[in-house]
Amino acid sequence: MSRGPAESLINNLIREIGHGCAARGHAASETLVAFMVKAAVLDPRNEFNVDRALTRQDVRQLVELCVGKLTEEVSPALDTIKMQVYFDMNYTSRRELVQEHRRVLASRLGPLCREITEDRSQTRPALEELYGRIVRYMLLSSGVGSPNDTDTVQEATGRVPGGGATAALQSVFPQAELGTFLVLSRKDKEQQLAELTAVVTGIRLFNKFLKKGGEGIDDLPAILNEAIPATSGGMEASLLETQGLAWRYTALLEKLGDSGEGPAGESSPPPALIRQALCNVRQHEALLKVILVGLGLEEGKADVGLCARQVETLQSDLSSRLLILREAVQARTAVPTALVFHNVNQQHGVLFQPHFTALARLWSGLQDEMLLLGVQEEVVLGLQPFLRAQAQRFPPAQLDLLLQGSEVRSDEQRFAESAGESDAEQGKEERVSGQEMSGQQWLFPETTENFSKLPLQYRGMCGYSLASRDGLLLPGNPSIGVLRHRDKYYTFSSREAAERFSARPEEFTSRVAERARSSPELIQLLELHQQFTGATPYAQIAPGDSLLVKVVRRSDSSTQTDTHLLETNLVTTHQWNEWELRRLALKLANLRTRVTHSTQTHLSHWRRENISQTFPPKDAFCQTTREGETNVPKPLVYLAGLRGRWDGPAIKTNLTRPVDD
């Protein structure tokens with residue numbers, strides 16, 4: 001199927017599944033529906049043949065299956081998938097979050113900015129109104145005060161009593177300069193507005209530091225110093241609660257045994273449901289770690305720890321700038337406008353303007369960190385509803401009843417037990433012996449640089465437990481040893497698990513992938529996206545073969561081959577004949593005795609050189625005979641007898657002189 005019809009079919013599927021969910025009273029986003037369609041196709045139990053076009057019956061079956069999955073009332077697996085989709089859609093990089101915020105702010109200030117740049121006022125009341133709009137734009141753009149606050153506006157315009165000349169827009173952009181502002185182009189006006197906003201914001205921040213102004217400016221450093229510990233503390237408490245649930249679910253699954261059969265009793269939950277609840281809380285734990293400390297975070301993403309470090313750096317730079325500026329101003333009662341805007345040609349011309357602009361930039365950085373901290377807190381709160389299903393399925397009282405007589409161990413306790421209960425000698429014995437398994441590459445903390453930054457497969461979970469214990473999520477202990485296999489790094493919960501996995505790594509990785517096919521919530525939890533970029537045609541699987549075959553990648557592609565891949569360097573004047581080379585040498589030697597003349601005029605300047613050779617004409621003479629002349633007599637002929645006689649003959653008389661006369 002070509003790309004166009006395939007996309008049309010997928011869009012129709014997503015639309016139809018969305019309508020089906022809405023008819024049952026459930027809202028499902030297009031991203032969630034698309035993921036569920038892919039998960040249904042990948043699940044071998046559904047027996048979809050992806051090697052051929054879907055029939056109407058296949059489409060109807062797929063729609064019913066996806067609608068049924070998406071409308072389950074209390075399903076920890078569905079909540080896990082919703083949690084993953086929500087996190088991917090709402091949590092992005094720091095740069096994208098800040099850019100989106102500034103884009104929204106620019107779009108909201110766009111009408112006001114156009115009113116300022118397109119204004120052609122001439123009268124004094126109109127100019128005063130334009131000046132007020134400029135002040136309003138600067139306050140809204142900088143975010144350091146409300147334009148509806150009278151004291152803030154008065155301070156920004158330089159009319160606050162006792163504020164001093166350093167705390168006013170009038171001191172750097174008096175109203176008399178509006179005429180110069182109006183003749184600028186639109187681009188220059190926008191640039192000047194941005195520069196004025198930065199300088200005026202820096203002046204107001206400096207006034208606040210000197211306690212001579214700064215009306216309406218919140219104390220961002222103090223707010224952030226209180227908000228960051230409170231936010232991180234709330235996240236840590238939620239993380240500890242989630243980890244406690246994960247430890248209890250793990251202990252319950254270990255109590256039920258690896259056979260998959262539950263304890264006696266009609267009210268006992270099935271192990272599959274417990275595994276879904278464990279996956280749900282493990283996913284919540286992983287996402288909280290991402291937000292809190294950036295564990296497993298991509299480069300450029302935002303986390304609370306990074307925000308705390310950035311705020312500390314910005315506060316230090318802000319304090320340094322304020323102290324430097326105070327020393328520069330000292331006890332001056334006024335700062336001329338030239339000292340703010342002019343260049344180094346003026347005395348101390350670059351002393352104040354960079355500091356005021358830097359103050360505004362640092363303050364904007366603190367505002368960005370406040371924004372990022374708020375987004376992180378909103379994301380954490382948004383993850384809470386996706387824990388509701390497992391909480392309803394397994395209330396605390398029921399968990400306590402199911403765990404009677406069982407020991408609940410934390411991840412740290414499991415790590416200590418796998419390392420020999422923190423005993424140095426026994427801990428070394430519990431490690432994997434690289435000499436005994438020489439066919440594999442093992443990494444250890446003491447011998448590997450940046451060991452803690454290794455990209456662990458399965459998000460640090462034990463691959464052997466996932467494959468052999470029916471999908472049990474046990475965290476791996478890197479101190480035992482990290483197995484490097486095909487440029488991937490695996491950790492294990494015990495030495496025995498490491499030895500068995502390393503003996504047959506391909507088999508265990510295949511079994512983990514098959515488990516993820518049946519439980520799509522594991523794909524993102526275990527970070528198996530690369531293994532599920534395509535679907536395997538089930539029609540090609542022989543009976544008894546593994547369901548995980550090499551991924552079939554198909555795409556529309558085109559190639560273009562150059563006529564000559566390598567540049568040709570053929571010398572057409574090459575000669576191999578010795579006599580021909582001698583002839584050329586004699587010709588070159590003969591040219592040495594020739595002289596070339598050339599001229600150049602003003603008209604021939606910048607033209608190519610022209611050389612021509614001419615031969616001047618030769619002077620020639622000839623001689624003829626002597627000169628002579630002749631004179632011929634004039635003819636004189638007379639006729640007589642023409643009058644009165646018509647029948648008689650006429651008489652002709654020739655009086656011409658002879659030539660000899």
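The legends below describe several close-up views of one predicted protein model.

Residues are numbered from 1 along each chain as its sequence is written, and side-chain values use heavy atoms, with hydrogens and water left out. Because the model is predicted, local features need pLDDT of at least 70 and side-chain atom pairs count only at pLDDT 80 or more, whereas totals for chains, interfaces and linings use all residues.

**View 1. The whole protein.** The secondary structure comes to 23 helices and five strands, where helices (H or I, at least four residues) and strands (E, at least two) are DSSP runs numbered from the N terminus. Of the 661 residues, 38% are buried; buried means under 20% relative accessible area, exposed means over 50%, and partly exposed lies in between (1.4 Å probe, protein chains only). Among contacts (heavy atoms within 4.5 Å) between residues at least 6 apart in sequence, 69% join residues at least 24 apart.

**View 2. Strands β1, β2 and β3.** Strand β2 (residues 482-485) pairs in the antiparallel sense with strand β1 (residues 441-443) over three bridges, and β2 also pairs in the antiparallel sense with strand β3 (residues 488-490), again over three bridges; two strands pair if DSSP finds at least two bridges between them. Two residues lie between β2 and β3, which form a hairpin, and R486 in the turn has a positive phi of about 55°.

**View 3. The surroundings of L182.** L182 is found in helix α8 (residues 178-182) and is buried, with a relative accessible area of 14%. Leaving aside neighbours within four places in sequence, L182 is in contact with D119, S121, L127, L130 and K189. L127 is 55 residues from L182 in sequence, yet their C-alpha atoms are 10.0 Å apart in space.

**View 4. A salt bridge between D119 and R133.** The side chains of D119 and R133 meet in a salt bridge (2.5 Å, N to O), a term that stands for a side-chain nitrogen of Lys or Arg within 4 Å of a carboxyl oxygen of Asp or Glu. D119 lies in the loop between α5 (94-117) and α6 (124-142), and R133 lies in helix α6, 14 residues apart. Both D119 and R133 are buried.

**View 5. Two further salt bridges.** R275, in helix α11 (residues 271-293), and D470, in the loop between α19 (463-468) and β2, are 195 residues apart, and their side chains meet in a salt bridge (3.1 Å, N to O). D470 counts as partly exposed because its relative accessibility is 24%. In helix α20 (residues 495-503), E499 and R495 lie four residues apart, about one turn of the helix, and their side chains meet in a salt bridge (3.0 Å, N to O). E499, at 29% relative accessibility, counts as partly exposed. A search of the whole structure finds 26 salt bridges.

**View 6. The cysteine C66.** The structure holds zero disulfides, a disulfide being a pair of cysteine sulfur atoms within 2.5 Å. C66 is in no disulfide, and the nearest cysteine sulfur, that of C21, is 8.5 Å away. With a relative accessible area of 1%, C66 is buried.
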